[in-house]
Amino acid sequence: MDFRDQADLDASQVEDAGGGGGGGGGGFPGGMIVGGGGIVSLIVLVLVFVLNNVGGGAEPAQRRPPSNLSEQCQTGKDADQSERCRVVGVVNSIQDYWKKEVSGYRPAKTVLYSGQVRTGCGSATSSTGPFYCPGDQRVYLDLSFFDQLHSQFGAKGGPFAQAYVIAHEYGHHVQKLLGALDGGSSVAVELQADCYAGVWARNAYETGFYDQPFTAKDVSEALDAAAAVGDDRIQQRSTGRIDPESFTHGSSEQRVNAFQRGYEKGAPTDCAGADAAG
């Protein structure tokens with residue numbers, strides 16, 4: 001998953017908020033409800049539970065000053081050499097695709113933070129995992145999550161696994177713009193976002209940010225990450241049992257199938273409703 005060296009990056013789509021340290025802050029309005037003003041996350045709620053019950057939770061983050069991404073992240077070559085610039089490149093490609101597919105598409109900024117952040121949906125910490133806030137229409141990401149994805153969830157990781165996570169959250173932004181966040185089950189919402197991530201992956205080369213179409217190895221990283229954050233696998237690791245009635249994001253098989261459906265079909269219309277799971 002290499003970027004085209006001369007691809008122009010638009011760092012204004014990503015904000016590095018820095019952060020870290022302690023501090024409380026209130027929880028999320030409505031108990032982190034999907035849709036409306038609550039956050040929509042790759043693995044919200046179940047991740048909080050796991051981090052509180054496996055390995056003693058995340059280490060407190062060190063306070064970190066924000067980076068000047070506009071100076072650091074200018075070309076695709078920068079994206080291949082820096083994790084933050086890679087996020088910029090991925091976000092640029094995702095939004096380039098969706099602005100051509102969704103009439104009146106409004107770009108959503110990704111906010112990189114460390115430790116804790118205040119959002120239009122309340123205060124969040126790293127243990128929340130990556131999430132989209134419909135209240136301010138922004139994606140929030142603590143890069144330490146990618147280490148947790150490997151160390152605590154057993155995913156192989158890799159650049160494309162990271163791209164899948166980001167594309168999933170932007171799938172929620174598309175849902176917000178299309179009025180699809182309100183109503184319906186949380187599982188259906190999450191699987192559709194996985195499907196949208198697959199659709200972007202199928203079409204990413206056409207955005208001009210990558211030097212070649214994604215390989216089978218790239219796609220396998222995304223499928224592995226999708227399986228790692230299935231409700232059943234997380235519940236098994238954290239409690240030793242699986243309760244399908246409490247699923248909020250879908251099983252590993254459902255999440256893999258949803259991404260594969262989007263990737264193989266390649267059109268947003270193939271991610272409608274229950275069909276998103278394949």
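In which strand does Thr 110 lie? I located Thr 110 in strand E3, residues 109-114; strands (E, at least two residues) and helices (H or I, at least four) are DSSP runs numbered from the N terminus.

I note that this is a predicted model, in which local features need pLDDT of at least 70, side-chain atom pairs count only at pLDDT 80 or more, and totals for chains, interfaces and linings use all residues. Residues are numbered from 1 along each chain as its sequence is written, and side-chain values use heavy atoms, with hydrogens and water left out.

**Entry: Thr 110**

I looked up the accessibility of Thr 110 and found a relative accessible area of 1%, so the residue is buried. Buried means under 20% relative accessible area, exposed over 50%, and partly exposed in between (1.4 Å probe, protein chains only). I then listed what Thr 110 touches, leaving aside residues up to four places away in sequence: Gln 13, Val 14, Glu 15, Val 87, Val 91, Val 139 and Tyr 170. Contact here means heavy atoms within 4.5 Å.

**Entry: salt bridges**

I found six salt bridges in the structure, each being a side-chain nitrogen of Lys or Arg within 4 Å of a carboxyl oxygen of Asp or Glu.

I looked up Arg 255 and Asp 194, whose closest N and O atoms are 2.8 Å apart in a salt bridge. Arg 255 belongs to helix H10 (residues 252-265) and Asp 194 to helix H7 (residues 186-203), so this pair ties together parts that are 61 residues apart in sequence. Both Arg 255 and Asp 194 are buried.

I next examined Lys 217 and Glu 221, whose side chains form a salt bridge at 3.2 Å, N to O. These two residues are four apart in helix H8, which means a separation of about one helical turn. Lys 217 is exposed at 56% relative accessible area, whereas Glu 221 is buried at 10%. I also recorded a network in which salt bridges with shared partners join Asp 96, Lys 99 and Lys 100.

Asp 96 is buried at 14%, while Lys 99 is exposed at 51%.

**Entry: packing of helix H6**

I examined H6 (residues 159-178) against H8 (residues 216-228) and found an angle of about 55 degrees, with the axes 7 Å apart. That makes H6 oblique to H8: angles under 35 degrees count as roughly parallel, over 145 as roughly antiparallel, 65 to 115 as roughly perpendicular and the rest as oblique. Axes are lines fitted to C-alpha atoms, for helices over the stretch in contact, and angles run from 0 to 180 degrees between N-to-C directions.

The crossing of H6 with H8 is right-handed, that is, the near helix is turned clockwise from the far one by less than a right angle. The H6 side of this contact consists of Pro 159, Phe 160, Ala 161 and Tyr 164, and the H8 residues include Glu 221.

I then took H6 against H7, which pack at about 115 degrees with their axes 7 Å apart. This crossing is also right-handed. Asp 194 is one of the H7 residues in the contact, and Tyr 164 is among those of H6. The contact residues divide into twelve nonpolar, five polar and two charged. Ala, Val, Leu, Ile, Met, Phe, Trp, Tyr, Cys and Pro count as nonpolar, Asp, Glu, Lys and Arg as charged, and the others, Gly among them, as polar.
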